[in-house]
Amino acid sequence: MKKPVLLLLLCLTLLFFHHPGRAWGFFGHRLLNRLAVYTLPPGMFGFYKSNIDYLTVNATRPDSRRTLVPGEAPKHFLDVDRYGDSAEYKLPRKYADAVARYGEDSLLRHGIVPWNVVTMKNQLTAAFQAKDTDRILRLSADMGHYIADACVPLHTTKNYNGQLTGQRGIHGLWESRLPELLSSDYDLFSGKAQYLPNATDAIWAAVIRSHAAVDSVLLFEKQLTAQFAEDQKFGYEQRGSQTVRAYSRDFSKAYHAKLNGQVERQMRYAAGLIGNFWFTCWVDGGSPDLRQIQRIPSETEQQRLDREAKETAVAPVVAVPGHDE
Ligand SMILES: [Zn+2]
């Protein structure tokens, strides 16, 4: 199938699942886990492809857990600028060293995304070693989410929603509104998954790259806001039965143009990086023959997911520390 056709099909499938949300948005997270499957080598592809719906739907589960599970929220971000100049190059790469230097409370307040991805990398490697299908799927879906979060510039700054600079809402503009409006025109194919000789360096490189983009993400929105009247910047749209206020199409498109494809580049990079991590865990876990193991989530896993979904649905929304707007 031709790439644009395939991407269009992917997008249509995801729109079918669409649901407003946070972080890359439900749309973005689901698309990224889905795209990552297509980077995998033949030894992995069959297994991941036959579970692509699981990996798609569960790409957003970590966000659903944020207000439910203590300790979940910090796994989605790292406020690099809480630690002074060029902290992204200087922060300890080992979590234990970071705890020793800053204390765990402070680390959790400012986010732990790269350390968490490394922990999960080790867990997924162990799941491959044990050929534990449920764990492989669950960890792959979750890890894809956190890696994708690390690729969002606003997940690396304390000004994560522009709330410190009068730009409240920019978080959703960058990572939900633009991809939802424009990603069917994006080229998101990132090639074949590559082995990561140093997974720690790889996820920190993602944080460094994201953080380097923070200035332009904020600046360009500010410049455009000066050129758009309030009623041109925002409009009203029908979402299901609701009318919601949203950044207008014109403003979103102008922002996309000014960012010169940045969201598209970050999405492509994120999908590739997720594939690289899954592939690296599989290799480090002894490259088990995935054709020999059960191909679908077990009944126990399905029951666990149903239970979790029910709990999420009835749980009161509680304030969680960090990136909670
Ligand atoms: Zn997230």
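## Crossing of α2 and α10

Helix α2 makes a right-handed crossing with α10, where right-handed means that the near helix is turned clockwise from the far one by less than a right angle, and left-handed anticlockwise. The model is predicted; local features need pLDDT of at least 70 and side-chain atom pairs count only at pLDDT 80 or more, while totals for chains, interfaces and linings use all residues. Residue numbers start from 1 along each chain as its sequence is written.

Helix α2 spans residues 25-37 and α10 residues 133-150; they pack at about 115 degrees with axes 10 Å apart. Axes are lines fitted to C-alpha atoms, for helices over the stretch in contact, with angles from 0 to 180 degrees between N-to-C directions. The two helices are therefore roughly perpendicular (65 to 115 degrees; under 35 is roughly parallel, over 145 roughly antiparallel, the rest oblique). On the α2 side H29, L32, N33 and A36 meet A141, G144, H145 and A148 of α10.

## Secondary structure and hairpin

The chain has 17 helices and two strands, taken as DSSP runs numbered from the N terminus (helices H or I, at least four residues; strands E, at least two). Strands β1 (residues 234-239) and β2 (residues 242-247) run antiparallel and are joined by six bridges; strands pair if DSSP finds at least two bridges between them.

R239 has Q242 in β2 as its bridge partner. Two residues lie between the strands of this hairpin, and G240 has a positive phi near 65 degrees.

## Core and burial

Of the 325 residues in the chain, 42% are buried (20 or more other C-beta atoms within 10 Å of the residue's own; exposed is 12 or fewer, partly exposed in between, with C-beta atoms placed from the backbone). The largest nonpolar core holds 73 residues, and L32, I147, A150, A270, I274, F277 and W278 touch the most other members. Helix α16 (residues 262-284) gives the largest share of this core, 11 residues. Such a core is a set of buried Ala, Val, Leu, Ile, Met, Phe, Trp, Tyr and Cys residues joined through C-beta atoms within 7 Å.

Apart from neighbours within four places in sequence, W278 is in contact with A36, L40, S140 and A193; contact means C-beta atoms, placed from the backbone, within 7 Å. Of contacts between residues at least 6 apart in sequence, 78% join residues at least 24 apart.

## Loop at P92

P92 sits in the loop between α6 (87-90) and α7 (95-102). P92 is partly exposed, with 13 other C-beta atoms within 10 Å. Beyond neighbours within four places in sequence, its contacts are D97, A98 and R101.

Note on methods:
Contact = placed C-beta atoms within 7 Å.
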